[in-house]
Amino acid sequence: MADCRPPSPPSKRMLSQRFDSEGPYRLLHCSSKGDKAGVIQELEKGVEPNLADYDKRTAIHLASCEGCTDVVVLLLEKGADVNSIDRWGRTPLSDARSFGHEEICKILEARGGTDPVGLDSQNPCYEIDYSEVDMDGAALIGEGAYGEVYLVKWRGTEVAAKTIRSSIASNPRVKNTFLKELALWQKLRHPNIVQFLGVLKHSDRLIFLTEFLCNGSLYDILRKRGRLDSQTAVAYALDIARGMNYLHQHKPHAIIHRDLTPRNVLQDEAGHLKVTDFGLSKIAQEKDSYGYKMTGGTGSCKIFRLTESRSISENMNICLDALMTFSDRYMAPEVYRRESYGKSVDVFSFALIVHEMFQGKPSNREEAPEQVADKRAYEDSRPPLSSFLYPEPIKALLRECWHKNPDSRPTFEAIILRLEEIQVNLKTEKGTESCCGCAIL
Ligand SMILES: Nc1ncnc2c1ncn2[C@@H]1O[C@H](COP(=O)(O)OP(=O)(O)OP(=O)(O)O)[C@@H](O)[C@H]1O
């Protein structure tokens, strides 16, 4: 990827156009579109049949997902690995099964294809009968890119009901992917992860329930309270780091959030923070066959219409664009540049959230999120760390967490240890306050 970058920072659209016409990733594009002639052309040029994008998705994954039988057969003949595994542990057979392409399933099985995530698909989401939920008394508590969130009563308990817009849920393939992500979420249990409760059956809309967190999001808290004192900020940072460490240490595959923002961190009655919406961000960030999103215009209001006639990749991109505006601000440079990435993208976002807690607002708030992300990705710009607001150990930690080299960023396990030490020191030093009210560390 770095080889493709011209010396001055290119726009993302320029980058994707470059790839459209020239790159080896044309093989992936043609495979997802069922363009057999295009696939043959690319293979004849010498492009590797097992070429993968940064999510380790190969041409045969895409063709299997999109139901392009001829292309699957061709790729197998040309040496494509029938059991190549993508970032989520999925093989081409997993994709063909998920999207109901039976003919392709048979072809892949005949060539020794296996489906390691098959167990997941036999383990559907826990279903809650619609009649058990009092939707008439529902109170709207928020709205996000996917739909509205309501406070409802389920079996006498207040819970959050997240509705998914019919424009998203009416596409059976997108819905299927959503349900799989929810099935993964329902297996997670941690004090700093919002608890998934189940999906409503017998509902004409896709609605799922999670525990209700009465204090809203960290975004709401910072808007109301402004900057937090060091002890509170460190306690909150520890809550987020513990939730994230649980996701990153998940077996058999780590769960990367990829959309960690103050809006996706909620606070319970006792004041503890919990991370939410990780599975959904993965769906929204599934990429097109180039590994590039096609950026729409920027702005706070984006309308997205998903249709059956579009490929799943195109629909995913529309979901992604709808989410990008806010999330760009917290996005790791390598994600923005469409390079391969790993768990440390969440560490980068975490650092920006911690920075915001000490400062009370995002840095460069006046700039459009995409502009901020662009500068971070191509000019290595980072938020300022004023000595007045940030204790030295926090400054050092943030610099490591938003390091431009993803491998130099600490793991959440290491971050927890550092924060625990900082927390103890803050408590010890509590009595020793400087004139400006900052604890001296
Ligand atoms: N479980 C919950 N308990 C209490 N409030 C919630 C809960 N889930 C969401 N909310 C509120 O609803 C708002 C919208 O949530 P939602 O997850 O749909 O979107 P978001 O996270 O704000 O944005 P995006 O969809 O871009 O991630 C949140 O900002 C939060 O204030």
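This is a predicted model: local features need pLDDT of at least 70, side-chain atom pairs count only at pLDDT 80 or more; totals for chains, interfaces and linings use all residues.
1. Residue numbers start from 1 along each chain as its sequence is written.

2. The sheet. Helices (H or I, at least four residues) and strands (E, at least two) are DSSP runs, numbered from the N terminus; two strands pair if DSSP finds at least two bridges between them. On that basis, six strands make an open sheet with mixed pairing, ordered E1-E5-E6-E4-E3-E2. E1 (127-129) and E2 are the edge strands, and each has a single partner, so one side of each is left without a neighbour in the sheet. From one strand to the next the twist averages 35°.

3. E1 runs parallel to E5 (residues 196-201), joined by three bridges, and Glu 127 has Val 199 as its bridge partner in E5. Val 133 sits opposite Trp 154 in E3. Four residues separate the strands of this hairpin, and Gly 147 there has a positive phi near 155°.

4. The helix on the sheet. H10 (residues 172-185) lies across E4 (157-164), E5 and E6, and it runs at about 145° to E5.

5. Which position does UniProt list as "binding site"? It is Lys 162, from an unreviewed entry; UniProt positions are given in the numbering used here, feature names are shortened, and annotations may be inferred rather than shown by experiment. Lys 162 is in strand E4. Buried means 20 or more other C-beta atoms within 10 Å of a residue's own, exposed 12 or fewer, partly exposed in between, with C-beta atoms placed from the backbone. Lys 162 counts as buried because 22 other C-beta atoms lie within 10 Å. Contact means C-beta atoms, placed from the backbone, within 7 Å. Leaving out residues up to four places away in sequence, Lys 162 touches Gly 147, Val 149, Ile 207, Phe 208 and Thr 210.

6. Beyond its neighbours within four places in sequence, the contacts of Thr 210 include Val 159, Ala 160 and Lys 162. Val 159 is 51 residues away in sequence, yet the C-alpha to C-alpha distance is 6.1 Å.

7. The ligand. There are 21 residues around it, the closest being Gly 142, Gly 144, Ala 145, Ala 160 and Arg 263; near here means a C-beta atom, placed from the backbone, within 6 Å. E2 and H14 (312-327) are the elements giving two or more residues to that shell, and E2 has the largest share with three.

8. In H5 (residues 69-77), the buried residues include Val 71, Val 72 and Leu 74. The buried residues of H5 pack against H2 (26-33), H3 (36-44), H4 (59-66) and H7 (102-110). After H5 comes Gly 79, with a positive phi near 100°.

Definitions and conventions. Two residues are in contact if their C-beta atoms, placed from the backbone, lie within 7 Å. Axes are lines fitted to C-alpha atoms, for helices over the stretch in contact, and angles run from 0 to 180 degrees between N-to-C directions.
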